[in-house]
Each structure stands twice: as C-alpha cells, then as structure tokens.
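The following explanation should be read alongside the sequence and the coordinates.

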Amino acid sequence: RDNYLEQVQNLLHNSGPVDSNWLRCSFLETYFVPQQGGKLRVVLVDLDEHGSQSSPSACARARTTSNEQDAQESESLHLVLDQSSSMQNMQALAYDGAKELVEGLPSSASVRFTTFSTSVSIGQSVSRDDLVRILSSPPVASGSTALHDAIAQSINLAKREDGRVTVVIVTDGQDTCSKEVTREQVRACIQDFQRDSMHRVLFLGTNQDAVAAAQAFGIPVQAALTFGNEPQNVRAAFRAASENVTRMRKGDVGGFMQAERTMSVR
C-alpha cells in the first residue's frame, strides 16, 4: 500500500485512523498483513542524530512486553476538571463520574486531580483510594475558564512520568482567561506528549462539539467525546472514559466506541 508510512505514523502518534485491514496492532505486536497472508512484523527503533540505531523506542518496548510485565508497569492518570461557574449545575454529577473513573484504576495507580476556573489548582499525586475520598465532597463551582493554562500545566507534569500515562480533560466551554499559554502552544505541548505510545489524552466536552475542540488542540478525533448535560449523559461520558482507559491497559489503542458516543448524548 502506497500510504503505509502515513498509517504507521498515525499508529505511533495516535494522530489519525489506522487501516486495520492491513496494519494490525495487537497486545504484543504490530504487524502488516501481506496479500499472500501471514504476518510482516513492524520493529520500531529510535535513530540517533547520525541515522544510526540507538535504543528501542518506547512503542517498541511496549509492543514486546509480556502480559506479566505489563501488569507490573506503572500507571498514572491526570484528571483535569473544569470548575468554572457554568459547571455548577452538573458539578455533583461530574464528581460522581470522576469517582467511577478513578475507582476503575488499579490500586497501584497514582492519580492527580487538577481543577481550573479563573486560575489553575494543580493537585498532588495521590493514590486511587485517596482521590476517591477527595471526590466525595464537591466544592461550589465559580469563576471563568483558564482551560489552556490548565491543560499545559497538567501535560508538562504528565510527560515527566514513566509508564502508562493518561490525561483526561473535562470542560463545558472554551478558554476565556488563560494568561500563560496560547492555544497553539497547548497544541504543540499535547503533540509532543503524544509522541510516546504510552501517553494518551482524552477530551470530554459538553455544550460544544468536543471533536472539533479536540482537533484544535491536536488531540485525535477518536479520543474526543461530546456529552450532554443531562444526568445520564454525564454518567455515560465518565463511564466511557473509564472503559477507554481499561481498554488501553489491555493494549487497545482505539478511541471511544460508537455506542459510548450515542449514550453520552442521547
């Protein structure tokens, strides 16, 4: 296929669809499917500045890791939640959904809860159970929306961590008051973060086209989910995020399923 390089780049950077009829990504390996059948494995390596092979890439290491080793890999989740005044009507629902998302993580996972309104409040890295307790007491939402600053600060922290790292962004609007970074700078930050195959960004948006908003940030369309503001929509959106993180843990690099998208807006 003449577009094989583009498809491989999409797979590595999670920046677009992969033609799964001929390029397959399983839990332990990535491979082409030749017309005559069989497998043609893809071996991924890093090249140094002279074009020579250096150490295996993060993606190569991930693909060749055994099930047992994978289960022992570190995992962290950064939850970035809009706390502006427009979120007040769904504040309790959002916190309940966030609890379900966090409870679905392994007990060994580390989590960081960041909120933003007019300013950004970066949370400490805590255990899964500690964050569940924190999420049991939703505060009053107020203020404007420093979305760009919140994303950039969270991504910059997340990229320092090893293992499987997921950043989940939840918002109900556009940026209105960021002072530190522009949207273009946020996009560059996210794209750099996503170059590691173990890094994912999920974008959940309500009162907007979340797919279009995510694309503006360089987040793949399959990693964006639009949800309604009814209770069942909010619950469905966080449940979909939880299922997505679980699937990634099992080696599935795909995005939200159509059924999940339907339940989040119906």
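The paragraphs below describe a predicted model, beginning with a strand and its partners.

The pairing of β10 involves strand β6 (residues 75-82), in the parallel sense and over 7 bridges; here Ser76 is placed opposite Val165. β10 also pairs with strand β11 (residues 199-205), again in the parallel sense over 7 bridges, and Ile169 faces Phe203 of β11. Together with helix α7 (residues 183-193), β10 and β11 form a right-handed β-α-β unit.

Ser154 belongs to helix α6, residues 147-158. Because its relative accessibility is 1%, Ser154 counts as buried. Leaving aside residues up to four places away in sequence, Ser154 touches His78, Val80, Thr114 and Ile122. Ser154 and Phe113 are separated by 41 residues in sequence, yet their C-alpha atoms are 9.4 Å apart in space.

Helix α10 (residues 258-265) has Glu260, Arg261 and Ser264 buried. These residues cover an arc of only 100° around the axis and therefore lie on the same side of α10. An α-helix has 3.6 residues a turn, so residues three or four places apart point the same way. The buried residues of α10 pack against α8 (210-216), β12 (224-226) and α9 (231-249), whereas the face turned away from the buried side carries the exposed residues Gln258 and Ala259.

Terms used. Residues are numbered from 1 along each chain as its sequence is written. This is a predicted model: local features need pLDDT of at least 70, side-chain atom pairs count only at pLDDT 80 or more; totals for chains, interfaces and linings use all residues. Side-chain values use heavy atoms; hydrogens and water are left out. Buried means under 20% relative accessible area, exposed over 50%, partly exposed in between (1.4 Å probe, protein chains only). Helices (H or I, at least four residues) and strands (E, at least two) are DSSP runs, numbered from the N terminus. The arc is that of the directions from the helix axis to the C-beta atoms. Contact means heavy atoms within 4.5 Å. Two strands pair if DSSP finds at least two bridges between them. A crossover is right-handed if, with the strands pointing away from the viewer, the path from the first strand over the helix to the second runs clockwise.
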